[in-house]
Amino acid sequence: MNTRITALFKIKYPIVQGGMIWNSGWKLASAVSNRGGLGLIGAGSMYPNTLREHIQKCKQATDKPFGVNVPMLYPNIEEIMEIIIQEGVKIVFTSAGNPKTWTQHLKTEGIKVAHVVSSAKFALKSQEAGVDAVVAEGFEAGGHNGREETTTLCLIPNVVQNIDIPVIAAGGIGHGSQIAAALALGADGVQIGSRFAATFESSAHDLFKNEIVKANEGDTLLTLKELAPVRLIKNKFFEEVQQAYENGATKDELVALLGKRRAKRGMFEGDLEEGELEIGQVCSLIKEISSVDQVFDNLLKEYQQAKNRLMDI
């Protein structure tokens, strides 16, 4: 599985672990990197000093490449970037902002930069900003999502034909056959979030992990598009949001309903009623909480089986 992504990041497999808030601490990132993928620490749910601690622990736990995912809409962005540079992190994935803001600054420090996009238009803008790769994330993905609602199957070939830099497919990928499909569409690698959220190494609460395993088709929906579109498992909070829409809630009323710390309450603290439970549509394919090693074994086995099926056609 040698691709432009394995060459760019110096990894064995073109498999990137999504830098999910409240899921992607140093234990998950180092386990993925040790197995030959690219682990990402999710800075979006960390105070600056907490991020520094996770980076340092990750460096102790693996001698393989790993990176940090930075949603640029969060506060303390300058301090976060300075910590990343000080700690010698060599790979940064940015999202939720303009790639021009930080790309060149990071690259002057010898850091490889990838940016998350949801359309070919923003992929092209990212390439013009100088990023080394883009993550093209389809509508199926969990957490905060693009407003375009373009599915991965349509998004990837459109992005691939519009840019020259490597493309990492994301959204709805949690099975080896989906890795094969993404590569067939022209992607150079995949980013997997939900499947890694339901691992022993994930920093999410066990109650949330169990909800992922229990989820069936149709148990997630995208909502709160007026604020920042987010895909959630349906629960009491989700139903309150839907009721607010039916009552004609204004944007300010939706902001008040959302409040603060919803994602932390749901994914990190295990409040299955009042918290946000962010996960992708692929959760219906996740049947058990596994170790990262088990996930990789399954992904690689399923990938090879998919290739064999195609060769028999």
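Predicted model: local features only at pLDDT ≥ 70, side-chain atom pairs only at ≥ 80, totals over all residues.
**Helices α11 and α12**

- The crossing of these two helices, α11 and α12, is right-handed.
- On the α11 side, the contact is made by Phe237, Glu240, Val241, Ala244 and Tyr245, and α12 brings Leu254, Leu257 and Leu258 to meet them.
- Sort the residues where α11 touches α12 and you get 7 nonpolar, no polar and 1 charged.

**Helices α2 and α3**

- Now look at α2 (residues 26-34) and α3 (residues 48-61), which pack with their axes 9 Å apart, at an angle of about 30°.
- Angles under 35 degrees count as roughly parallel, so α2 and α3 get that description.
- Here, too, there's a handedness to note: α2 passes α3 in a right-handed crossing.
- Trp26, Ala29, Ser30 and Asn34 are the α2 residues in this contact, and they meet His54, Lys57, Cys58 and Ala61 of α3.
- The contact of α2 with α3 splits into 4 nonpolar residues, 3 polar and 1 charged.

**The sheet and the helices on it**

- As a bit of background, strands in a sheet pair through backbone hydrogen bonds, and they can do so parallel or antiparallel.
- In this model, 8 strands make an open sheet with parallel pairing, and if you walk across it the order is β1-β9-β8-β6-β5-β4-β3-β2.
- At the edges sit β1 (15-17) and β2 (39-42), each of which pairs on one side only.
- From one strand to the next, the twist averages 25°.
- Zoom in on β5 (residues 112-117) and β6 (residues 133-137), and you'll see them pair in the parallel sense over 4 bridges.
- Valine 117, for instance, has alanine 136 in β6 as its bridge partner.
- Lying across β6 and β8 (167-170) is helix α7 (residues 152-160), which runs at about 155° to β6.
- Helix α8 (residues 176-184) also packs on the sheet, where it touches β1, β8 and β9 (189-192), and its direction makes about 135° with that of β9.

- Find serine 126 in helix α6 (residues 120-129).
- Is serine 126 buried or exposed? Its relative accessibility is 1%, so serine 126 counts as buried.
- Setting aside neighbours within four places in sequence, serine 126 is in contact with Pro99, His115, Val117, Val131 and Val134.
- Glutamine 127 lies in helix α6 as well, but at 21% relative accessibility glutamine 127 counts as partly exposed.
- With neighbours within four places in sequence left out again, the contacts of glutamine 127 are Ile163, Asp164 and Ile165.
- Glutamine 127 and alanine 114 are 13 residues apart in sequence, and their C-alpha atoms are 9.6 Å apart in space.

- How do strands β10 (residues 220-223) and β11 (residues 230-233) run? They run antiparallel, joined by 4 bridges.
- Threonine 220 has isoleucine 233 in β11 as its bridge partner.
- This hairpin of β10 and β11 has 6 residues between the strands, and leucine 224 takes a positive phi near 55° there.

Notes. Residues numbered from 1 in each chain as written. Heavy atoms only, no water. Axes fitted to C-alpha atoms, helices over the stretch in contact; angles between N-to-C directions. Parallel < 35°, antiparallel > 145°, perpendicular 65-115°, else oblique. Left-handed = near helix turned anticlockwise from the far one by under 90°. Contact = heavy atoms within 4.5 Å. Nonpolar A, V, L, I, M, F, W, Y, C, P; charged D, E, K, R; others polar. Pairing = 2+ DSSP bridges. Buried < 20%, exposed > 50% of the residue type's maximum accessible area, 1.4 Å probe, protein only.
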